[in-house]
Amino acid sequence: MIHASLTHFLVISVALFSLGIYGVITRKNAVMVLMGIELILNSANINFIAFARFGNFGLQGQIIALFIIVLAAAEAAIALAIVLNIYKNLSNINVDEIDSLRD
Amino acid sequence: MTTYDLIFYLFAVVTLLSAFFVVTNRNIVHSAFYLLFTFFGVAGIYVMLGADFVAIVQLIVYVGGILILLLFGVMLTNKITNVDIKSGTIHALPASIVLGLFAGALGAAVLNTNWKVVASPETSSSTASLGSMLINEYALIFELLGIVLLIALVGAASMARR
């Protein structure tokens with residue numbers, strides 16, 4: 001009988017990471033790119049907490065996960081401010097059409 | 001198959017299915033709501049790993065903060081009245097091929113590694129020890145993160161108002 005072990009959690013983390021990168025590189029909308037980044041950060045958090053649980057590192061993994069959550073909140077706020085500014089200036093947030101720097 | 005395993009697979013399926021819908025759904029608002037289920041599933045996985053405090057923080061910060069922020073971003077940057085809320089994808093086929101290979105390689109590496117698992121002692125709650133760690137060993141990082149968050153939020157607010 002298979003019990004949920006470290007490998008199970010790591011496989012979930014791998015799948016979530018790949019889905020996040022897929023979202024980042026295929027979606028046009030900048031807000032969707034942000035959602036992909038949140039998925040990637042969540043998969044990293046699952047990794048940290050899984051190793052904290054199964055690796056006998058104490059609670060350091062959980063502390064790092066808390067720090068990552070704080071940084072994700074800061075990142076989302078700043079990225080949305082940037083997205084709003086881009087929308088105000090170019091009235092468009094499709095990442096493949098914002099190429100005015102390309103000349 | 002114990003109850004633990006059943007609950008684990010339930011949370012895993014919820015997380016991965018909703019994450020899949022997040023990245024494939026064409027409607028951004030639907031994607032944001034699927035993201036809600038992904039965050040719930042990840043919080044459940046944290047609980048399965050014995051990280052109760054992190055799970056609650058995940059719910060409060062991600063569901064209560066970041067998701068609302070993302071929804072505000074969607075609402076403020078799309079013409080709701082003109083039903084222009086759909087978002088296309090680019091390079092979907094090559095991206096899925098490359099990422100399938102990438103996920104396969106990463107998953108094979110995970111599955112073939114002989115992880116040295118040490119069963120950590122079962123703790124009833126991690127909140128008290130996390131709190132004492134935050135104000136003892138990690139006090140400097142804790143304070144610095146507070147400053148970073150303050151500056152980031154003030155900067156974001158002033159940037160978005162301009």
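## Working through the helix packing of chains A and B

In this predicted model, the crossing between helix 1 of chain A and helix 4 of chain B is right-handed.

**Exercise 1. Work out how helix 1 of chain A lies against helix 4 of chain B, and what kinds of residues meet there.**

Step 1: Start with the geometry. The two axes come within 10 Å and cross at roughly 160°.

Step 2: Anything over 145 degrees counts as roughly antiparallel, so helix 1 of chain A and helix 4 of chain B are roughly antiparallel to each other.

Step 3: Look at who touches whom. On the chain A side you'll find, among others, A:Thr7, A:Leu10, A:Val14, A:Ser18 and A:Ile25. Helix 4 of chain B answers with residues including B:Ala92, B:Ser96, B:Leu99, B:Phe102 and B:Val110.

Step 4: Sort the residues of this contact by type. You get 15 nonpolar, five polar and no charged.

**Exercise 2. Describe the side of chain B that touches chain A.**

Step 1: Count heads. Chain B puts in 68 residues and chain A puts in 60.

Step 2: See which elements of chain B take part. Helices 1, 2, 3, 4, 5 and 6 of chain B each give two or more residues to this side.

Step 3: Pick out the top contributor. Helix 3 of chain B gives the largest share, with twelve residues.

Step 4: Sort by type once more. This side of chain B has 49 nonpolar residues, 18 polar and one charged.

**Exercise 3. Put together a picture of chain B as a whole.**

Step 1: Chain B has six helices and zero strands.

Step 2: A compact globule of 162 residues would have a radius of gyration near 15 Å, but chain B comes out at 20 Å. Its C-alpha atoms fill a box of roughly 55 × 40 × 30 Å along the principal axes.

Step 3: Check the burial. Buried residues make up 23% of the 162 residues in chain B.

Conventions:
Residues numbered from 1 in each chain as written. Chains lettered and ligands numbered in written order. Predicted model: local features only at pLDDT ≥ 70, side-chain atom pairs only at ≥ 80, totals over all residues. Contact = placed C-beta atoms within 7 Å. Helix = DSSP H or I, 4+ residues; strand = E, 2+ residues; numbered from the N terminus. Nonpolar A, V, L, I, M, F, W, Y, C, P; charged D, E, K, R; others polar. Rg over C-alpha atoms; globule rule 2.2 N^0.38 Å. Buried ≥ 20, exposed ≤ 12 C-beta atoms within 10 Å, placed from the backbone. Axes fitted to C-alpha atoms, helices over the stretch in contact; angles between N-to-C directions. Parallel < 35°, antiparallel > 145°, perpendicular 65-115°, else oblique. Left-handed = near helix turned anticlockwise from the far one by under 90°.
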